[in-house]
Amino acid sequence: MDIKTRDVSIPADWDRRGLPGWCYHSDALLDLEKEELFKTHWQIACHVSDLPNAGSFVSFDLCEERALVLRDASGELRAFHNICRHRGSRLVTKESGTCPNALICPFHGWVYNLDGSLRGPARPESFPSLDKDVFGLRPVEMEVWNGFIFLRFRPGPQPSVAEMLAPFEAEATAYRMASHVPTDGIWTEETPVNWKSVRDVDNEGYHVAMAHPALQDLYGSSYQDEPYVDGVSRTVGQFSPSKGRRWAVRNYKKLSRPQEHLPEDLHQKWLYFGIFPNSVIAMTPETVLFYQEFPVTVGRSTIRSATYRNRDEDRQQRAARYLTARIDRETVDEDIQLTIWSNESMASKSFEGFYLSDLEYGVRTHHNHLRKVLPVYTLEDAPEQADLAALNASMQRT
Amino acid sequence: MMAAPPPIDHDDPTAFLHMPVGKNGSGAARYAAAMQCYNNGLICAEMLEIYRRCSKFDLEDPIDLARYEEITVPAVCLPNQQEPTS
């Protein structure tokens with residue numbers, strides 16, 4: 001399947017309901033989501049440029065699991081559970097950094113080579129001989145796609161990242177994002193909503209004209225959402241021909257100029273690939289970025305994001321990138337408020353659920369993907385929380 | 001202008017063993033290198049333990065600590081392969 005043969009049509013008579021409200025405040029469901037969505041589906045950990053040298057590492061925590069990605073002495077990228085084989089301590093405690101020649105557990109001092117094998121335990125004379133591979137770090141499944149490093153904690157239903165994103169390979173490759181470099185590191189923020197409320201807002205552009213004046217000024221009239229098909233959605237915003245009424249947009253449109261490496265049809269677009277269940281890669285002429293949301297509790301989520309730029313950037317491009325970030329930051333703040341309003345409605349006994357526009361079909365297709373993984377989402381009324389996992393398992397069998 | 005330091009040879013554990021005291025991350029790098037030297041029979045468990053104790057403190061000189069504790073410092077631990085000292 002390629003970008004032209006994906007069926008992105010909206011059915012004439014589709015079920016316009018969203019997920020039932022109980023799905024947004026169920027601890028038992030969150031436990032299932034952690035196990036069967038987050039740990040079994042690909043997650044973006046970072047970009048290859050976050051690991052420039054031997055020993056560079058990035059740590060990545062997700063739903064009580066923790067991983068580290070590093071570049072070993074030969075330049076190869078590796079991903080491991082960030083867990084010492086001795087007593088389970090974190091090996092790296094910072095979000096990123098460099099460990100020049102080995103990983104050292106801060107608890108007792110076990111030492112691991114950068115290829116994950118055990119160099120030696122602290123006080124080695126107190127142990128029998130330890131096999132360096134048997135006691136080596138446990139690897140985490142990893143795949144690099146166009147420079148982005150994806151991890152998966154457990155095998156799951158998705159194919160490889162390359163296969164999943166194959167329809168967009170040509171479009172993505174044009175951005176040369178694998179050779180991009182970091183801008184200002186990986187940003188995280190905790191927000192007081194269920195993770196699905198973040199995704200529900202991000203999965204549709206119906207609200208753009210109402211809630212995002214800068215985006216509307218930039219590309220609102222052309223905004224197009226393609227729904228989730230086989231785990232991936234696509235959204236395109238073509239710059240509108242107006243000069244721009246808002247300061248940041250007006251100057252961005254003035255400063256953004258065609259990038260030589262991009263085909264003409266991408267010169268004036270912002271493009272987004274949504275990757276089920278919780279990640280987005282976004283591309284502008286000046287930058288590529290990822291963002292994602294993870295559950296912390298049923299009512300709290302972490303938003304995580306990082307932006308990368310073209311390696312060779314002149315002053316004009318830099319200024320355009322600054323304005324991109326300004327427009328984006330404004331949009332994120334507006335979205336956070338929308339997610340709070342949406343999320344609180346899910347706890348109200350008076351709210352009867354979503355009734356979605358054709359322009360929100362992306363929300364429905366994301367929910368359909370969720371229902372396929374966890375059929376318990378299809379129950380209109382909350383099941384007994386203690387029975388939820390068993391009920392879901394029985395629904396999966398039928 | 002100061003000359004750039006030579007690149008570190010990742011296959012030579014002594015390169016990290018002699019990382020200058022005070023350099024960011026040097027305590028851990030020295031201990032990791034000491035573990036390699038221990039595996040190769042170049043230092044004893046007692047000296048390895050000195051490096052472990054210094055591993056979180058980039059400013060702590062393991063040679064000074066070994067001498068303070070009257071542990072014989074193996075030649076490989078000394079810059080430029082000096083004679084062992086205690």
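1. Let's start where the two chains meet. Across the interface of chain B and chain A, seven residue pairs, both at pLDDT 80 or more, are in polar contact (a pair of N or O atoms within 3.5 Å; within protein, one must be able to donate a hydrogen and the other to accept it, and residues adjacent in sequence count only if both atoms are side-chain atoms). On chain B, the elements giving two or more residues to the side that touches chain A are α2 (26-39) and α3 (45-54); helices here are DSSP runs of H or I with at least four residues, strands are runs of E with at least two, and both are numbered from the N terminus. The largest share of that side, nine residues, comes from α2(B).

2. A word on what you are looking at: this is a predicted model, in which local features need pLDDT of at least 70, side-chain atom pairs count only at pLDDT 80 or more, and totals for chains, interfaces and linings use all residues. Residues are numbered from 1 along each chain as its sequence is written, chains are lettered from A and ligands numbered from 1 in the order in which they are written, and side-chain values use heavy atoms, leaving out hydrogens and water.

3. Back to the interface. Chain B brings 17 residues to the contact and chain A brings 18 residues, where contact means heavy atoms within 4.5 Å. About 1,300 Å² is buried between the two chains, with carbon and sulfur atoms giving 65%; this is the accessible area (1.4 Å probe) lost on putting the two parts together, summed over both.

4. Now for a helix of chain A, α10 (residues 388-397). Its buried residues are Leu388(A), Asn392(A) and Met395(A), buried meaning under 20% relative accessible area and exposed over 50%, with partly exposed in between (1.4 Å probe, protein chains only). These three lie on the same side of α10(A) because they cover an arc of only 60° around the axis, taken from the directions from the helix axis to the C-beta atoms. On the other side, Ala390(A) and Arg397(A) are exposed.

5. What covers the buried residues of α10(A) includes α1 (27-38) of chain A. In turn, the cover over the buried residues of α1(A) includes α10, along with β1 (43-47) and α9 (361-373). Among the buried residues of α1(A) are Leu29(A), Glu33(A) and Phe38(A).

6. Finally, have a look at His212(A), in the loop between α5 (208-211) and α6 (213-219) of chain A. His212(A) counts as buried because its relative accessibility is 1%. Its side chain is joined to that of Asp335(A) by a polar contact of 2.7 Å.
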